[in-house]
Each structure stands twice: as C-alpha cells, then as structure tokens.
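Thank you all for coming; I would like to walk through one model this morning, and I will begin with a question once it is on the screen.

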Amino acid sequence: SSKAVPRALFGLAGILPLGLLVPYTMFWGEVEIQQIANANPTSMLPHMFPTAGLIGFEMTGPLHAFIVGVAKMMAISFTVAGG
C-alpha cells in the first residue's frame, strides 16, 4: 500500500514520546507485569534502556498507575493505527 510508510511514521510519532516519558508503556507486559503490578522502580524493567526515561517517571501511587493506563491505551491506539 502507498500509505504504509506514512502510517508507520504516524505510529512512531505517537509511541516514541510516550515511551520516553512513561517507560512502562514500551512493552505489552508479558515479562514486565511483575514489576508493573508491584510498582517496582523502572530500573527493574528488564528490556528498557535508559530505564528512567526523560523525566524519571516512577509508579509511586494511584495517580501514576492511572497515567500508565492512559498512556498504555494511547500507545496501543498508535500501534494499531500505524499498522
């Protein structure tokens, strides 16, 4: 399709900033679910480098858990839209 590259770039433009700001959104969670469920620091995420992201986001309470959930839904939306 002639729109494959623009769609992929659109998906990248949405996912990359989310991942840099909220590192917990970078993976589907098969391996990371234990760290996320226990609100462990991002340094314990096995596949993330740099682990702190740009702003040092950590899951320290319910508001941050909500932010991770919203950011994760946005990342999934960009993934689906990007093809």
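Which residues of α3 are buried? Before I answer, note that this is a predicted model, in which local features need pLDDT of at least 70, side-chain atom pairs count only at pLDDT 80 or more, and totals for chains, interfaces and linings use all residues. Residues are numbered from 1 along each chain as its sequence is written, and side-chain values use heavy atoms, with hydrogens and water left out.

The protein chain has 3 helices and 0 strands, where helices are DSSP runs of H or I of at least four residues and strands are runs of E of at least two, numbered from the N terminus.

Now to the answer: Val68, Ala71, Lys72, Ala75 and Gly82 are the buried residues of α3, buried meaning under 20% relative accessible area, exposed over 50%, and partly exposed in between, with a 1.4 Å probe and protein chains only. Seen down the axis of α3, these residues fall within an arc of 110°, so they line one face of the helix; the arc is that of the directions from the helix axis to the C-beta atoms. Their cover includes α1 (4-21), while on the other side of α3 we find Pro62, Leu63, Phe66, Met73 and Val80 exposed.

After α3 comes Gly83, with a positive phi near 85°.

Finally, Ile55 sits in the loop between α2 (33-37) and α3 (62-82), and this residue counts as exposed because its relative accessibility is 57%. For the chain as a whole, 27% of the 83 residues count as buried.

Conventions
Contact = heavy atoms within 4.5 Å.
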